Amino acid sequence: MPQQRLHLVFGGELVNPQSTQFADPSKIHMVGMFPDYASAYDAWKREAQRTVDDAHARYFIAHIHRLRDEEREASPTEELGA
């Protein structure tokens, strides 16, 4: 079985189209979690095309699998979940 490489797709209205700061973080649109980059990219593309006329709307793909490498020993902070 291939290794899972989880990706999160999310987006919303930015304060400024040149930044990555959301206007209202409580209104971030969580598109979903995807098992691979290809399916995350497809979801990102759908949302980006749906909001193409809104210059302040922007969507992102977060590489969740990069947040923690299971092969690397965790630090005490990671073990506590902080």
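Arginine 50 counts as exposed, at 54% relative accessibility. Here exposed means over 50% relative accessible area, buried under 20%, and partly exposed in between, with a 1.4 Å probe and protein chains only. The model is predicted: local features need pLDDT of at least 70, side-chain atom pairs count only at pLDDT 80 or more, and totals for chains, interfaces and linings use all residues. Residues are numbered from 1 along each chain as its sequence is written, and side-chain values use heavy atoms, with hydrogens and water left out.

The side chain of arginine 50 meets that of glutamate 47 in a salt bridge, at 2.7 Å from N to O. A salt bridge is a side-chain nitrogen of Lys or Arg within 4 Å of a carboxyl oxygen of Asp or Glu. The structure holds one salt bridge. Glutamate 47 is buried, with a relative accessible area of 13%. The two residues are three apart in helix H1, so about one helical turn separates arginine 50 from glutamate 47.

## Helix H1

Helix H1 has 14 residues and reaches 20 Å from its first C-alpha to its last, close to the 20 Å expected at 1.5 Å a residue. The expected span is 1.5 Å times one less than the number of residues. Helices (H or I, at least four residues) and strands (E, at least two) are DSSP runs, numbered from the N terminus.

The buried residues of H1 are Ala40, Ala43 and Glu47. They cover an arc of only 65° around the axis, and therefore lie on the same side of H1. The arc is that of the directions from the helix axis to the C-beta atoms. On the other side of H1, Arg46 and Gln49 are exposed. S1, S2 and S3 are included in what covers the buried residues of H1.

## The sheet

Three strands form an open sheet in the order S2-S1-S3, with antiparallel pairing. Strand S2 (29-34) and strand S3 (57-63) are the edge strands, each pairing on one side only. From one strand to the next, the twist averages 15°. Two strands pair if DSSP finds at least two bridges between them.

Strand S1 (residues 7-13) pairs with S2 in the antiparallel sense over five bridges. Phenylalanine 10 stands opposite methionine 30 in S2.

## Helix against sheet

Helix H1 (residues 37-50) lies across S1, S2 and S3, and runs at about 170° to S3. Contact means heavy atoms within 4.5 Å. Axes are lines fitted to C-alpha atoms, for helices over the stretch in contact, and angles run from 0 to 180 degrees between N-to-C directions.
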